[in-house]
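Before reading on, please take a moment to look over the chain shown below and follow it from one end to the other. The report then moves from the whole chain to single residues.

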Amino acid sequence: RSPPAWLKVSAKEVEAQVAKFAKKGLSPSQIGVILRDSHAIAQVKSVTGNKILRLLKKAGLAPALPEDLYHLIKKAVAVRKHLDKNRKDKDAKFRLILIESRVHRLARYYKRTRQLPD
């Protein structure tokens, strides 16, 4: 896909904005939302030819953990903390098992694709 004709932003400018937001500590999806909502850049890939995460990797600013795995781990920690206070919550215990199995499945995928160290 090509960028819209009315978009007058160069690829270099978009790459600079992505790097600037990453240095502020924003995740790739947060960067995409800001560029879409505030800067009228619907798809970074259509402007630059690369996705946000690839731009970050090229600049050496990519997060150590993939974003989806990070958020699953964060959710599992929150449920575990909830279970410390509410030991009888059987549903939360069941959901924790489901979340942790998703974490392990995703970690296995990332190890297989060499995005995580073994």
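## About the model

This is a predicted model, in which local features need pLDDT of at least 70 and side-chain atom pairs count only at pLDDT 80 or more, while totals for chains, interfaces and linings use all residues. Residues are numbered from 1 along each chain as its sequence is written, and side-chain values use heavy atoms, with hydrogens and water left out.

## Overall form

The chain has 6 helices and 0 strands, where helices (H or I, at least four residues) and strands (E, at least two) are DSSP runs numbered from the N terminus. The radius of gyration of the chain is 18 Å, well over the 13 Å that the globule rule gives for 118 residues, so the chain is more spread out than a compact globule. This radius is taken over C-alpha atoms, and the globule rule is 2.2 Å times the number of residues to the power 0.38. Along its principal axes, the C-alpha trace spans about 60 × 30 × 25 Å.

## Surface, burial and charge

Buried residues make up 28% of the 118 residues; buried means under 20% relative accessible area, exposed means over 50%, and partly exposed lies in between (1.4 Å probe, protein chains only).

The chain carries 28 positive and 10 negative charges, and their mean positions are 2 Å apart. Lys and Arg count as positive and Asp and Glu as negative, while His and the chain ends are not counted; the place of a charge is taken as NZ of Lys, CZ of Arg, CG of Asp or CD of Glu.

## The nonpolar cores

A nonpolar core is a set of buried Ala, Val, Leu, Ile, Met, Phe, Trp, Tyr and Cys residues joined through side-chain atoms within 4.5 Å. The largest has 13 residues, of which V18, I31, L35, I41 and V44 touch the most other members. To this core, α1, α2, α3 and α4 (52-59) each supply at least two residues, and the largest share, 4 residues, comes from α1. Apart from this core lies another, of 12 residues, among them L72, A92, L106 and Y110.

V14 lies in helix α1 and counts as buried, at 0% relative accessibility. Leaving aside neighbours within four places in sequence, V14 is in contact (heavy atoms within 4.5 Å) with V9, I41, V44, V47 and T48. V14 and L55 are 41 residues apart in sequence, and their C-alpha atoms are 9.9 Å apart in space.

Q17 also lies in helix α1, which covers residues 11-23, and at 19% relative accessibility Q17 counts as buried. Again leaving aside neighbours within four places in sequence, Q17 is in contact with L35, H39 and I41.

## Two residues with positive phi

Most residues other than glycine have a negative phi. Phi of A40, however, is near 60°, a positive value in a residue other than glycine. A40 lies in the loop between α2 (28-39) and α3 (44-48), and counts as partly exposed, at 37% relative accessibility.

Phi of R114 is likewise positive, near 60°. R114 is placed in the segment after α6 (90-112), and is exposed, with a relative accessible area of 70%.
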